[in-house]
Amino acid sequence: MRIDGQDATAGVAPEHGGAIIHRAWALFRHRVFQNMIALWGVQIIRKILPVVTMPYLGRVLGPDGLGLIAFVQGFTTFGALLIEYGFNLSATRELAQCRTDKHQRARLMGGVLGAQLGLSAVAVLLSIIASRFVPILAGHSRLLTFGLIFAVSDSLNPYWYFQGMERMHFVAIFEVAAKSAAAAAIFALVRSPDDTWLVLAIQSGASLCATGAGLYLALRESGMSFPRPALIREALKRGWPMFLFRGADTLYSLGNSFVLGLFAAPALVGYYAGSEKISKAFFGLMNPIREALYPRLSNLVRDQREEAARLARIGIYVMGCGGVLLGALVYLLAPLLVRLFLGPRFEAAVPVLRILSLLPPLMAITHSVGFQWLLPLEQNGVINRIMVSAGLVNFSLAVILAPRYAHIGMAWTVVAAELFLCSRMVYAVSTMEDSMRLFRFSRGKS
């Protein structure tokens with residue numbers, strides 16, 4: 001079995017009937033596979049653990065409480081977007097190409113962290129000013145405060161460093177420890193709707209711990225050049241295309257709870273947000289495949305384009321089949337999932353979840369065919385044009401459908417935007433010169 005041009009069974013001599021065991025062990029020891037396992041741990045914590053706490057919070061806080069949390073998180077997402085600035089994509093790609101050069105790693109670290117600290121100050125200031133014009137936030141200053149703390153700390157997490165170094169087990173350890181402690185604290189301390197703010201306070205504390213541990217380890221390993229203006233400008237220049245990409249992505253996905261909250265009551269936001277969390281938690285099981293392959297593909301496309309295409313095709317097969325399976329499960333089990341994870345007061349969320357069950361198969365195609373090939377090839381302009389178009393489609397449909405159809409309208413808005421994005425990504429890849437490498441299905445050598 002070959003992965004990224006390497007024979008995963010090289011040096012392993014099968015004996016008698018143990019060939020399968022030897023090959024499985026060799027595959028298990030491969031860095032891509034180990035990173036995939038670590039990333040599954042991260043996804044379980046980031047996507048599944050909130051769903052585990054949701055049944056409790058749904059019963060204690062009710063639709064109004066969950067809706068308020070989702071609205072504040074949607075609002076602070078825009079500040080987090082500015083701080084993250086696309087570095088999880090641009091810096092990961094650059095680090096994957098220079099990870100053996102400690103001096104370059106230190107320069108990259110200094111530029112990225114220096115830029116993010118400055119952006120954090122700007123994001124917090126703009127968020128405070130903007131909150132004065134959002135009536136629903138007027139009586140929830142504690143929610144906003146802890147929402148901003150969470151946004152800043154989570155954005156400063158050096159996730160990009162460990163992903164670029166293909167050492168995601170460190171991130172997995174930090175995330176598992178911090179988020180598990182947060183979940184335990186939520187069960188122990190949140191007792192009534194008056195404790196809604198406490199949920200974000202606990203989550204922000206966990207995020208601060210995970211980010212602090214990650215920064216300590218990354219800085220101890222690679223050091224950091226002093227963040228001189230030249231390094232910061234260089235980091236911002238490299239991250240700008242990915243910032244546009246992430247901004248458009250936020251327009252058509254992450255900010256929908258906030259947009260819905262501008263037109264609908266908190267309870268309706270809660271129905272939509274709860275369903276969205278369940279749907280995306282299921283698709284989150286596929287993210288480790290994409291995130292483990294991304295740094296390796298970014299490295300391979302420079303000199304081994306055929307091997308990069310071979311590895312990308314593996315990702316397409318696995319993610320495509322997994323996305324269809326997960327979408328079918330979400331649709332069929334929607335009543336059970338809502339009752340189990342949200343509680344009996346969320347029956348109105350069942351039709352929303354069934355609509356959002358279309359997302360896993362669409363997102364699987366978008367990520368595996370589009371991002372998994374276009375991003376390593378640095379087709380930033382193509383991606384950004386597509387993402388901006390999808391963002392405009394999402395926003396336009398949201399302001400038309402959300403005021404009239406509330407949570408149902410927002411669900412169809414998200415699906416329509418994802419379908420548009422998916423079709424544009426596939427078309428863009430199919431028209432590229434390298435598309436024949438990616439879509440070659442012969443059994444011989446690609």
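Me: Which residues does P403 touch, not counting residues up to four places away in sequence?

Reply: P403 touches F263 and A398, where contact means heavy atoms within 4.5 Å. One thing first: this is a predicted model, where local features need pLDDT of at least 70, side-chain atom pairs count only at pLDDT 80 or more, and totals for chains, interfaces and linings use all residues. Residues are numbered from 1 along each chain as its sequence is written, and side-chain values use heavy atoms, with hydrogens and water left out.

Me: Where does P403 lie?

Reply: In helix α17, residues 380–430. Helices are DSSP runs of H or I with at least four residues, strands are E runs of at least two, and numbering starts from the N terminus. The chain has 18 helices and 2 strands.

Me: Why does C422 count as buried?

Reply: C422 comes to 6% relative accessibility, so it counts as buried. Of the 446 residues of the chain, 57% count as buried too.

Me: How many disulfides does the rule give?

Reply: The count comes to 0 disulfides, a disulfide being a pair of cysteine sulfur atoms within 2.5 Å.

Key. Buried means under 20% relative accessible area, exposed over 50%, partly exposed in between (1.4 Å probe, protein chains only).
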